[in-house]
Amino acid sequence: MKLDLHPYYHTIKVVMTDGTEFTTRTTWGQEGDTLRLDIHPTSHQAWTGGQQQLLDRGGRLSRFQKKFAGIGLKK
């Protein structure tokens with residue numbers, strides 16, 4: 001096996017935005033560092049299904065909706 005081929009894995013502490021902490025192994029930072037997250041899976045829209053806003057730039061969205069208005073499930 002070649003020497004110095006694999007990255008050095010070490011343990012760090014991860015602090016979530018709600019204050020909960022856990023320890024994990026990673027190649028990020030140095031041994032014993034603390035990673036503080038800016039986003040949290042229970043509060044960020046990407047994971048919670050937050051409302052998306054579709055922007056109609058140049059009428060593209062309205063043209064798409066008009067073109068495919070007849071396709072889909074009937075209620």
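1. T26 is buried: its relative accessible area is 17%, and buried here means under 20%. The model is a predicted one, and the value is computed from it.

2. T26 belongs to strand β2. Setting aside neighbours within four places in sequence, the residues in contact with T26 are Y8, Y9, H10 and I12. Two of the names in that list, H10 and I12, fall within strand β1, which covers residues 10–15.

3. Strand β2 is joined to β1 by six bridges, and the two strands run antiparallel. Along this pairing, I12 has T24 as its bridge partner in β2, while V14 stands opposite F22. In general, strands of a sheet pair through backbone hydrogen bonds, in either a parallel or an antiparallel way.

4. The hairpin of β1 and β2 has five residues between its strands. Within this hairpin, G19 adopts a positive phi near 95°.

5. How many strands form the sheet, and in what order? There are three, arranged β2-β1-β3 in an open sheet with mixed pairing. The edge strands are β2, residues 21–26, and β3, residues 34–36, and each of them pairs on one side only. Between neighbouring strands of this sheet the turn is 35° on average, with direction ignored.

Technical notes. Residues numbered from 1 in each chain as written. Predicted model: local features only at pLDDT ≥ 70, side-chain atom pairs only at ≥ 80, totals over all residues. Heavy atoms only, no water. Pairing = 2+ DSSP bridges. Helix = DSSP H or I, 4+ residues; strand = E, 2+ residues; numbered from the N terminus. Axes fitted to C-alpha atoms, helices over the stretch in contact; angles between N-to-C directions. Buried < 20%, exposed > 50% of the residue type's maximum accessible area, 1.4 Å probe, protein only. Contact = heavy atoms within 4.5 Å.
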